[in-house]
Amino acid sequence: MSERVLLKNMRSDCGPVGFDEYRQLGGYEALERAVRTMTPDEVINMVTESGLRGRGGAGFPAGRKWGFVRKDAPHPRYIQSNTDEMEPGTFKDRVLVNTDPHLVIEGITMAAYAVQADVAVFFIRPSYNDDAELIERELSAAREAGMLGKNILGSDFSFDIEVHRSAGRYICGESSAQANAIMGKRPNPDKTGHMTSSGLWGMPTVVNNVETLAHVPHIIRNGVEWFKGLAATPTGDGTKLYCVSGEVVDPGCYELPMGTRLGDIIFEHAGGMLPGAEFKTCIPGGASTSFVTQAQLATPMDFDSMKAAGLSLGTGSIVVFDKNTCLVQATINILTYFARESCGWCTPCRDGIPYMLSLLQDIEAGDGTEADVKRLETVAAGMAHAYCGFAPGAASTVKGLLRSFRDEVREHLDGRGCPFGDMEKPKPGDWKVLDRDAS
Ligand SMILES: Cc1cc2nc3c(=O)[nH]c(=O)nc-3n(C[C@H](O)[C@H](O)[C@H](O)COP(=O)(O)O)c2cc1C
Ligand code: SF4
């Protein structure tokens with residue numbers, strides 16, 4: 001059994017750990033140590049040396065990002081704690097917040113100390129309202145105990161956290177779109193500057209995923225070598241919350257060494273395939289990553305190993321498909337979501353995703369040709385020219401489908417239709433791809 005870190009305080013009833021219990025378990029000791037005995041630079045250096053990489057999908061080194069905030073940068077400085085989590089298949093942040101809300105609060109506060117931030121916005125999707133309310137309650141408890149607010153733990157450092165509920169679009173998870181959403185603007189991504197110098201209201205802003213932030217108190221308390229030693233691979237860092245869903249015996253959120261092999265997560269930890277089901281493929285890191293092959297199951301699930309295998313770790317959220325699943329249908333399903341969620345700012349994404357979807361729908365219905373498959377490939381490749389990471393993410397499943405399951409696509413062509421049976425027809429009220437007014 002590997003060491004649990006982020007979920008080590010998980011209670012048997014799965015209820016959240018309250019302030020007093022968290023304190024008894026050693027909670028807020030790392031914050032105490034940081035604000036009383038460490039300089040902000042020492043905290044940044046330790047996090048940098050630990051190799052902690054962002055868990056929001058891109059894997060950017062956390063300490064390096066914090067180091068981008070100039071020492072003489074103006075105030076107020078902000079933290080955006082990203083709990084948007086609208087990537088299909090991903091529910092790790094919710095599990096974390098629900099299990100140990102004060103670990104999250106302590107992690108945010110330590111990041112704030114490191115960059116001398118004044119305020120954090122805890123950005124959370126609206127369907128997580130129970131979790132938002134939980135965090136609001138626990139923020140009050142932390143404030144009352146002097147862990148937040150003016151002169152935290154008697155130090156010179158003052159800081160507080162506010163909860164912001166998203167209006168509920170996937171693009172609000174992207175850091176600059178999220179900043180626009182918080183400021184009450186239309187949530188388009190904005191790549192004109194760097195968030196660390198000009199983010200919220202033009203001020204220095206650090207954006208981190210909550211899973212990333214929750215590692216920080218543990219790194220400060222237990223040290224860099226301990227953190228590095230938790231990983232299963234030399235390229236990994238610490239532990240990772242992997243989500244598993246789909247046709248497995250035990251779907252759930254598993255905290256395992258970063259770099260645990262994909263096949264081991266599915267077949268050992270999630271109990272393998274359901275009775276009667278047979279593994280066909282999975283998406284390894286949420287809906288914006290591509291289908292894997294059987295041979296790729298041996299890949300360690302860390303950022304570099306996945307990249308070397310031509311895959312991406314994404315959010316580390318695995319969705320498993322059985323051999324009877326039509327992957328054209330599965331891709332239609334995923335693209336329907338992405339077509340709806342496109343913010344509409346740039347043409348490749350706004351028009352390209354619905355176009356890929358219509359090509360796939362034709363293929364599924366038996367109306368597709370080899371020329372359509374080529375068109376699909378060209379349009380998917382063109383997504384690399386979109387304004388933000390949303391569109392290349394949306395194209396990943398299409399690329400994976402054409403790269404690894406092209407024969408299955410071809411079986412649908414030239415009047416043959418779907419070899420797995422008709423796709424379930426949309427029900428009244430289901431979103432229609434090109435009917436934008438209805439969304
Ligand atoms: C379309 C899109 C959606 C995203 N959604 C999320 C999200 O829900 N949560 C998240 O932490 N990061 C999300 N990201 C990544 C963020 O832009 C950002 O890189 C991340 O929050 C930084 O934190 P990290 O370095 O700790 O990973 C998204 C990125 C894109 C392009
Ligand atoms: S890629 Fe899509 S989500 Fe990103 S800016 Fe363009 S339209 Fe918006």
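User: In S8, which residue is the bridge partner of Cys-282?

Analyst: This is a predicted model, where local features need pLDDT of at least 70, side-chain atom pairs count only at pLDDT 80 or more, and totals for chains, interfaces and linings use all residues. Residues are numbered from 1 along each chain as its sequence is written, chains are lettered from A and ligands numbered from 1 in the order in which they are written, and side-chain values use heavy atoms, with hydrogens and water left out. Strands (E, at least two residues) and helices (H or I, at least four) are DSSP runs, numbered from the N terminus. In S8, Cys-282 has as its bridge partner Val-320.

User: In which sense do strand S7 and S8 pair?

Analyst: Two strands pair if DSSP finds at least two bridges between them. S7 (residues 279-283) and S8 have four bridges, and their sense is antiparallel.

User: How many residues of strand S8 are buried?

Analyst: Buried means under 20% relative accessible area, exposed over 50%, and partly exposed in between (1.4 Å probe, protein chains only). From S8, Ser-317, Val-319 and Phe-321 point one way, Ile-318, Val-320 and Asp-322 the other way, and all are buried. For S8 (residues 317-322) the buried count is six of six.

User: What is the angle at which the axes of helix H5 and helix H6 cross?

Analyst: Axes are lines fitted to C-alpha atoms, for helices over the stretch in contact, with angles from 0 to 180 degrees between N-to-C directions. The axes of H5 (residues 92-99) and H6 (residues 101-115) come within 5 Å, and they cross at roughly 100 degrees.

User: Which residues of H6 make the contact?

Analyst: Contact means heavy atoms within 4.5 Å. H5 contributes Leu-96, Val-97, Asn-98 and Thr-99. From H6 come Pro-101, Leu-103 and Val-104.

User: How many aromatic pairs are there?

Analyst: Rings of Phe, Tyr and Trp (its six-membered ring) pair if their centres lie within 6.5 Å; planes under 30 degrees apart count as stacked, over 60 as edge-to-face and the rest as tilted. By this rule, the count is 16.

User: What is the angle between the planes of Tyr-78 and Trp-201?

Analyst: Tyr-78 is buried at 13%, and Trp-201 is partly exposed at 48%. Their pair is tilted, 5.6 Å centre to centre, with the planes at 50 degrees.
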